[in-house]
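Hello,

Here is the structure I promised to pass on. Please open it beside this email, and my notes follow below.

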Amino acid sequence: MRRRAASVVGARLGVLVSSAEQQAGLATTSSGGLFGTAGRLPGAGARVGGAGQARAAAAVPAATAAVKVQPSLLPLTRTDEFGAVSILESEAEASFVPQTFENVDGRRIEDGRYAAFTKDLTEVAGVPATRQFTDKVRTFAYGTDASFYRLNPKMVVKIHSEEEVRKILPLALKHQVPVTFRAAGTSLSGQALTDSVLLKLSHTGRNFRSYTVHGDGSTITVEPGLIGGEVNRILAAHKSKGKHPVQYKIGPDPSSIDSCMVGGIVSNNSSGMCCGVSQNTYHTLKDMRIVFVDGSVLDTADPASRAAFLQSHSKLVEGVVALAKRVQADRQLANLIRRKFAIKCTTGYSLNALVDFHTDDPIEMIKRLMVGSEGTLGFVSQVTYNTVPEWPHKASAFVVFPDVMSACQGASVLRDQTSVDAVEMFDRASLRECESNEDMLRLVPDIKGADPMAASLLIECRGSTEEDLAARIEEIHAALRKSGLPFGAKAAEPQPLEAYEFKHDPRDFKVFWDVRRGLIPIVGAARKPGTSMLLEDVACPVDKLGQMTVDLMDMFQRHGYDDAFLFGHALEGNLHLVFSQGFRTPEELTRFHTMFDELCHIVATKHSGSLKGEHGTGRNVAPYVEMEWGTKATELMWELKELFDPDYILNPGVILNKDPLVHVKNLKPSPAANPLVNRCIECGFCESNCPSRDITLTPRQRIAVYKELFRMRSIENRTAAQQQRLDEMAQIFEYDGQDTCAADGMCQEKCPVKINTGELIKQLRSDEMAEARRASGLAMTVANNFSTTAWAFNKLLNVVNVAHSVLGATPIKAISSALNKATGHMVPEWNPYMPKGAAPLNMNPPKPAAAERGVPRKVVYVPACVTRIMGPSKGDYETAPVHEKLLSLFNKAGYEVVYPEGLSASCCGMMFNSRGFKDAAAKKGSELEAALLKASENGKWPVVCDTSPCLAQIKSGLSDPALRFSLYEPVEFIRHFLLDKLEFSKVRDNIAVHIPCSSKKMGIEETFMKVASMCAENVVNTNVPCCGMAGDRGMRYPELTGASLQHLNVGGCSDGYSTSRTCEMSLSNHSGINFRGLVYLVDEATQPKAAAAAEKQA
């Protein structure tokens, strides 16, 4: 019988053993860990590379099993070349250097297999070298995920299709090269890491992003590269377009749904706040396509594929059937499996597949075994979901209890006696954060000064009709009243249940859910520099939730985790534990490991719970699978792994691992490198908003590399190898990290701790420019002579336009591309939609007639330098510049226009700031602010800037608050000041709109869509987070806009509209239709209300 140590270091720290055992230096095989957990020591005689390897894959060699069990000593540790820290099992391991390949983390050395694999990857699989990354930046950056582990892959391959995977996996099998699949990298348990080959399907353009919505949307087929939230938006658009009666969504609803991808959702069997157990992937799966390790494909929706697979893989099928028969014949084991999966459980494999289906239907078993297998059994290239209704009527209540036991009992009552949709529990630490939220205090005033053990339940109900919703709410009220539980935040001041009414207004219940979603960032933002934010995920039967919560709170207090929060999906007995943790010293490692040992004992042993409710096993709890499941079920899992992947090619060491210390090895450092990014929790939520994600790095990856550069520079007396690595990374980072960063700050919009990576990049550029005195001096000269500069660029655009007409597009394109490369990207690359020079601004616009009742209408208009310089493109039927159209609108609405002084030399400073010339940017910004204050009479009159990014720059640099509430970009001004003064008509059938990054950050997306919809029958939002133009950066690095706008879809639209001239130019180039300022459309679609009334009378 193979026994497994749940924790060797736990034994060292907490178990008193005989002095003889100490002298012998050996751990006992009968128990391990702080609580005498049954264990399995690593086996000897492991053979790598053959079918007989079995569990030796990911095993620790027998030579490293010896441990000095001395409770008084701190653990032995080692830091690898990437800064990752590991607890070691023996002193010998500290100096061990592998000489032969072993399929174990840290011991997969190059012995020729990787070179041979790479050769075949190119020649046989046809993957070009441009998608094979071995440099020190990309491997480090792409190897980073949301977990607190770090493994650095030897190679990252961006895969484009199922067919490529079919070719690659047999090559990996041939050369015995382990591979790991990576989707969005938002997983938390270390399951998407490897020091071998990482097959990356995310950020590969449009690949793995196909979908088909079936019928009314009740089923949908998707590929693994789609983001979960995207799938729901696709379903919403399908309902709207087809006018279907029911809105559907996918069942899983993890908090990362707007960042995680379908591949990860399936592989981790992710759930979330509302889906519970019944609506996770396992239970809502219809069909899937699977690529197995030998390259064969099973399409479970295709009868022919099913039949062929039963023949070609009879050994695998027979093995699965035999295991299922064995389980179903073992009543005790079958009951254990059913009980385990009655609550959330992602520890180990989905053994419920072996009891939920009859043994004469092995394909259904195989299909469900893939769910939650974390890429260790095969690759899921396509999945079809049975979707679930998204009912339109919702209401939420925030019910407070004087103690956590009562709150958890309330959750149990609601689970057993009602059809409630979601119940989220907040512990006292969570409520403490609510006390600082004014909206929460308005809605739930008694949380202020709540009792020390107070807790709350956030309860949500949904209904297909208002009547259905009302019935569900009454059902909940009746059950809670009947329970006899106490209500109120203070035991001495009980409250009636009616004090916590259900809120039907989205503005109210959104407050509750925003607070819930904000709990994780609170710890992430408040933690000490140099520490990481950890998010553990446990579950237990709901009737045990209260006591388990109390036990865990006590555990955190005893171990000194004062910042720990406990909250989660109470309806499923699922808790999230959030706390900060450093991995800098042996003392910090000791505290973490001792606490984690106890945590696992409390959850798995004391309360019969799940060590992972929804985040997946990974490496994080792989050593504790047997503690939770017992020997018999764990043996079953090993047998499953060997049936599907006998050579341990697919993500070895994940879910099942023989190393009892794998969870405290390769721990990722978090050096305090810069206050701008120290709070980064590397969750990856930012990545889908980044325009450079498909070509170089994402914000998360930029921060990770920047921190690594900082860590390496902090090493004293670096070795030659360390210096070489540092030099190579620094050189590559200039382009990958700095040059191709748009620095638009859209990453901040999705970051849970609100980091703007663009600010870091701007700081780096500024630091470089501060040393480049000649460049800084030139920038200041341009700033001091900006009127002349703007005039020169305006004339240059006209010259280029004439050259375009005379020479044609091809020569101009070739010349500009050559100049762009020769000047190090200083000269922009021309495209056919490059604008002509703008016509001069009318400095004496007509004054409107006196307004009714003598009420003056006055507006300060500041045309951005870009609209003063750039007019429409050569092929656009519009010939007037933006400022002419906006002046027309002002005139129609009866506004007198005032220009600020020094307009011809005015600039918001963005063009300097984005390049790192902060002094020049500050100079231009302060000059413009002073002029606007004077023109607006200290904010008395509204100020309009016709370019959204420039308006955002002006706002961000204000020193005088007088202007703060007087500044408007054009769409916002139209919405607030012109709608009641103009008559609108719809003058277009189908148009596209691109809402610039700055407008999104200012929160005016809804306004943008509303104004556009008043002018056209159908408005298509491009939904591109950022076009990548970033002023002129997209012209100087056209690959940036090319990567971002490959996702642009404007099919069927005649025109496009935005509020940023440079963005419009790039959007036109990549869509084939002319994008221009939205004011063009509004001017065409409107007339003064008085004139409209006169026309109607006539």
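Before the contents, one term: a salt bridge here is a side-chain nitrogen of Lys or Arg within 4 Å of a carboxyl oxygen of Asp or Glu. By that rule, 1 salt bridge crosses the interface of domain 1 and domain 2.

A word on the basis of these notes. This is a predicted model, so please bear in mind that local features need pLDDT of at least 70 and side-chain atom pairs count only at pLDDT 80 or more, while totals for chains, interfaces and linings use all residues. Residues are numbered from 1 along each chain as its sequence is written, and side-chain values use heavy atoms, with hydrogens and water left out.

Domains and their interface

The protein is split into domain 1 (211-389), domain 2 (393-615), domain 3 (671-771) and domain 4 (835-1088); the bounds come from an automatic or database domain assignment. The C-alpha centres of domain 1 and domain 2 are 29 Å apart. Between these two, 17 residues of domain 1 are in contact with 23 residues of domain 2, where contact means heavy atoms within 4.5 Å.

About 1,500 Å² is buried between domain 1 and domain 2, with carbon and sulfur atoms giving 49% of that area. Buried area is the accessible area (1.4 Å probe) that two parts lose on being put together, summed over both. On the side of domain 1, Met 273, Ile 343 and Lys 344 lose the most area to domain 2, together 43% of what that side buries.

Lys 344 also forms a salt bridge with Glu 614, the closest N and O atoms being 3.0 Å apart. The side of domain 1 that touches domain 2 has 6 nonpolar, 7 polar and 4 charged residues. For these classes, Ala, Val, Leu, Ile, Met, Phe, Trp, Tyr, Cys and Pro count as nonpolar, Asp, Glu, Lys and Arg as charged, and the others, Gly among them, as polar. A polar contact is a pair of N or O atoms within 3.5 Å; within protein, one must be able to donate a hydrogen and the other to accept it, and residues adjacent in sequence count only if both atoms are side-chain atoms.

Salt bridges elsewhere

Over the whole structure, the search finds 73 salt bridges. One of them joins the side chains of Asp 105 and Arg 619 (2.8 Å, N to O). Asp 105 is in the loop between helix H3 (91-94) and helix H4 (113-123) and Arg 619 in the loop between helix H22 (586-606) and helix H23 (625-629), so the pair ties together parts that are 514 residues apart in sequence. Helices (H or I, at least four residues) and strands (E, at least two) are DSSP runs, numbered from the N terminus. Asp 105 is buried at 17% relative accessible area, and Arg 619 is buried at 3%. Buried means under 20% relative accessible area, exposed over 50%, and partly exposed in between (1.4 Å probe, protein chains only).

Glu 163 and Arg 166 also meet in a salt bridge (3.9 Å, N to O). Both lie in helix H6 (residues 162-175), 3 residues apart, about one turn of the helix. There is a network of salt bridges as well, linking Lys 286, Asp 287, Arg 306, Asp 361, Glu 364, Lys 367 and Arg 368.

Helix H37 (residues 970-978) has 7 of its 9 residues buried, so it is largely enclosed by the rest of the structure. Glu 969 caps the N-terminal end of H37, with a side-chain oxygen 2.8 Å from the backbone nitrogen of Val 971.

Most residues other than glycine have a negative phi. Phe 208, although not a glycine, has a positive phi of about 55°. Phe 208 sits in the loop between strand E6 (197-200) and strand E7 (211-214), and is buried at 3% relative accessible area. Lys 754 has a positive phi of about 60°, but counts as partly exposed at 45% relative accessibility.

Finally, Asn 269 lies in the loop between helix H8 (262-268) and helix H9 (281-284) and counts as buried at 9% relative accessibility. A polar atom of the Asn 269 side chain is 3.3 Å from the backbone nitrogen of Tyr 282.

Best wishes
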